There are 2 protein chains.
Amino acid sequence: RQGGEMTDAPVPLAGAQPRGEAAPVAGGGGGAASPPPPAARRGRTSPLLPTLAVSESDGPPVRTRGRLSSNDWTRGADIGAIFGLDVGGSLAKLVFFERTAPPGIVRPPSASSLAKPTMERARSLEVLNTPACSKALRSFYDFMASEEITKYLGSVVHEDHLAFYSQDLGGMIHFVHFATSDMDRVLQLIRSHKLAHAVLRLGCTGGGSFKYQKEIEEQLGVQVVAVDEMETLVRGIEFVVSTVAGECYTYKLEGDEDAEEDKERDPLVEDGQGAEDEPTSAKKVSERWTAKVQRPAVALQDIFPYLLVSIGSGVSIVRVDGFNSYQRVSGSSIGGGTFFGLARLITGCSSYDELLKLAQCGDATKCDMLVGDIYGRTYSKIGLASDVVASSFGRLMSMPTEDIEQLTKPEDRARALLMMITNNIGQVAYLNAVQHNTSRIYFIGNFLRRNKISCHRLSYAIDYWSSSQMEARFLEHEGYFGALGAWILSASQEEDLPLPLGQSRATPPPSSPNGPHAP
Amino acid sequence: RQGGEMTDAPVPLAGAQPRGEAAPVAGGGGGAASPPPPAARRGRTSPLLPTLAVSESDGPPVRTRGRLSSNDWTRGADIGAIFGLDVGGSLAKLVFFERTAPPGIVRPPSASSLAKPTMERARSLEVLNTPACSKALRSFYDFMASEEITKYLGSVVHEDHLAFYSQDLGGMIHFVHFATSDMDRVLQLIRSHKLAHAVLRLGCTGGGSFKYQKEIEEQLGVQVVAVDEMETLVRGIEFVVSTVAGECYTYKLEGDEDAEEDKERDPLVEDGQGAEDEPTSAKKVSERWTAKVQRPAVALQDIFPYLLVSIGSGVSIVRVDGFNSYQRVSGSSIGGGTFFGLARLITGCSSYDELLKLAQCGDATKCDMLVGDIYGRTYSKIGLASDVVASSFGRLMSMPTEDIEQLTKPEDRARALLMMITNNIGQVAYLNAVQHNTSRIYFIGNFLRRNKISCHRLSYAIDYWSSSQMEARFLEHEGYFGALGAWILSASQEEDLPLPLGQSRATPPPSSPNGPHAP
């Protein structure tokens, strides 16, 4: 970490225009040795202002070199309002906004009125219309469009197919992610290209936004606005579901989906599909649970309550009763990190995308002990078909050591691992949905990215366990709700004062012991 | 399989003395070509008797060689009443009874009256008093006491420390297990030592009793009496808890256990321990959850309802409301088979006992991604301490391939895997206990054998998740309840007619889709 020696991290300069209370985006980005942010920039004369004069130990550290001259082109510009960052255990997700004319075909806006946080973000974006900001924005968009970043960082992925136009905000929203382990290199890249010169504050969420807060503030001179992780998910989903048509979908039994597609009614009320398909052979039915069926956008107030299952490196389970009423009720340490981490050991595969491809052509039954392996047939008394997995990887118990490599291929192991983890997440989600009386379960997170196997399985499993009383749902922007929510919500952080380093705004007493997923 | 060629499997001979209806132990063991079992052996002249004249396709197969002369020492003897067999996915468990004088110190019998199935088994044991049976029994006990069996079969384990005296039955009960994969060799051994000559019927349970039914019947000439798997567990527990003092225990926080030990009251009602120990550091408290505390034998009618979590190769979860009221409500494919199977791949260890030893000295945090790894500190808002596991094996995601072997040792991987699986079983059990409103969770099965790490963890986890409202309990005879129950219950199989091969008595329609653990 080169915090003390950096030469290219400029001091954020004063000069942003005063704004009203509803647009509290600007923040004190400077360190103790830089000029304290003028009150004018904050748009109000709050009694809390004295805390802005942060001490050397509390505030961003002293920067002694690399100051810009006052006629620098970025003077007074803050384009931080276009970014949202979510730094997870394995992936960092970035969203950014680009003001554009509406594309040829504008997706229909939702019927709902503009949500307050979105309204606040919309207002904050007005600041971008200054010439200084335009210049800074152009510089950033050009950089993102260049191949420089992907050349430098193999892990950067532009998800162009996810970009969408927001009529409410008047522009396109773009999606990018990279490996969290590349965070230091990303910061270096940003510094060397002076990309953060015109960024004063940055809406951040995810565990890594705490871990890297110091680096971001010291190396980039950007104030981290930490936004509550759960709230970002809830708000991010709200924004996308109300903006993007066709965002929400599930999977149904192939052949049954046509009858579904045009239904306007809530499928949970009258749906009978699946009921006539008794899982006499689990394999047969589950392998046909592949028909993608879009779910119509529901009025926002009708979306609650739902269970949110966020599958990143680990799993968080949140019960959501309303925009401001949600609670982390459970979780699991068996998540995407377990899949990739364990798979590296048992397949030798070191690329996540390759691993998913491997799993697609594997046969889990080479590794798993099935009911039929134990019983010699179906255990009909309790309805367990002979091809149901009794013990994941159980077949390996009795294989002669020298035969394991021959009897199970890496793709079989990858598949068995993926199915084991997926089933387990589905089960923990289902049991929580029962406990919390929610019939809709939204599965999100990058574990599901390009991972149809898991989406099919979760859809089937939830339908099966709940006797079609619950539905697994997925969202096209599965991994980006944290970043989206951080972007939207950072506009409405009302007490936008810099905090002592290492302290987030959201630090009430610990929740009940039921909440955390690991004792 | 040598069913058609065997030379040493004798025909069970007629001649057992008539018995009353309450002792329906004798069964038709002979094949179609052997003399049909005389009605006298069945002790009653039931209208169902004609079905005893089984056809060649229905009954045990024809045996054409190896017949014994009518004055053979085993003539008329049936010592099947001393055995119970439970063949699981990885281990086969055998219990056998030995009539003895009471040992010096007799453990106090339970206050409860003798349960009906035990009474029936007691009565059935009277048949053993004939000289023929005594001879056959002596032959069997001598064989078990010799080292022949362990020489021939490495996987056989005599669990002498578990043997106990039953005053109700007037003898010792012994416990043995071996690998299910050795089943064919065990049958061969029994045949070559003519050990089954005086066994007509054998109480069996577990998936393997279906899978190996044909082999047992063909190769040994012994009729398999299939007993319902769940019922054996419930009855086995009932028998042991009412017979053996100190059978039931849990683990508590070290230092708190003294206050516990002499309590007669139900600890679940007033126990407050744990409440004052906020898991500010999960590691610190959880690692001290090692004080073994015995639970007093409760009156049998007070044991219900409870959740039974049987951890063998896979996991079965049964809600037990009474001796005849129980239902398999859930399960998981992540069990002991997953631990051993996956561990073979990631540790190279091929012995289960070595694997457990390995796990004891490992450090899971070398493999796991902790909350602190992501957040850089405790995620206090939701009460997640920094040393809580966020993603099992998640650290391996970002390790350079060439470093994985160096940064994580086999013992670290074994430990991380054991903790991952244990936590998951605890979580699934807890969520089911909530759903089914049971405050006592009995964990049984051979996954827990010599596995204190898991017992400690389950005790801690259930206490933690339930805010001390639930208790994990363990039983000394953890892996043997199926075999015990098969032994006891096979005496009371009232319709003890031979069934067509491959058809069990207990085959009602499949249960609700909620039951099975894997969709």
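What share of the contacts in chain A between residues at least 6 apart in sequence join residues at least 24 apart? Here are some friendly notes that begin with this point.

1. **Contacts along the chain.** The share is 74%. Contact here means heavy atoms within 4.5 Å.

2. **What you are looking at.** This is a predicted model, in which local features need pLDDT of at least 70 and side-chain atom pairs count only at pLDDT 80 or more, while totals for chains, interfaces and linings use all residues. Residues are numbered from 1 along each chain as its sequence is written, chains are lettered from A and ligands numbered from 1 in the order in which they are written, and side-chain values use heavy atoms, with hydrogens and water left out.

3. **Two copies.** Chain B is superposed on chain A by a rotation of 180° with 0.0 Å of shift along its axis, at an RMSD of 0.0 Å (least squares on the C-alpha atoms of residues with pLDDT of at least 70 in both). That is the relation of a two-fold axis. The copies meet through the same surface, because 100% of the interface residues of chain B are also interface residues in chain A.

4. **Chain A in outline.** Chain A has 18 helices and 16 strands; these are DSSP runs, H or I of at least four residues for helices and E of at least two for strands, numbered from the N terminus. Of its 519 residues, 61% are buried, meaning under 20% relative accessible area (1.4 Å probe, protein chains only).

5. **An open sheet.** Seven strands of chain A line up as β9-β8-β16-β15-β10-β11-β12, with mixed pairing; two strands pair if DSSP finds at least two bridges between them. At the edges stand β9 (291-294) and β12 (325-332), each with a single partner strand, so one side of each has no neighbour in the sheet. Inside this order, β15 (residues 440-444) and β16 (residues 471-475) run parallel over 4 bridges, and A:Tyr442 has A:Arg473 in β16(A) as its bridge partner.

6. Which residues touch the most other members of the largest nonpolar core? They are A:Phe443 and B:Phe443, in a core of 206 residues. Such a core is a set of buried Ala, Val, Leu, Ile, Met, Phe, Trp, Tyr and Cys residues joined through side-chain atoms within 4.5 Å. Not counting residues up to four places away in sequence, A:Phe443 touches several residues, including A:Val309, A:Ile425, A:Leu458 and A:Phe474.

7. **A buried Tyr.** A:Tyr165 lies in strand β4 (residues 164-166) of chain A and is buried, with a relative accessible area of 9%.

Note on methods. Buried means under 20% relative accessible area, exposed over 50%, partly exposed in between (1.4 Å probe, protein chains only).
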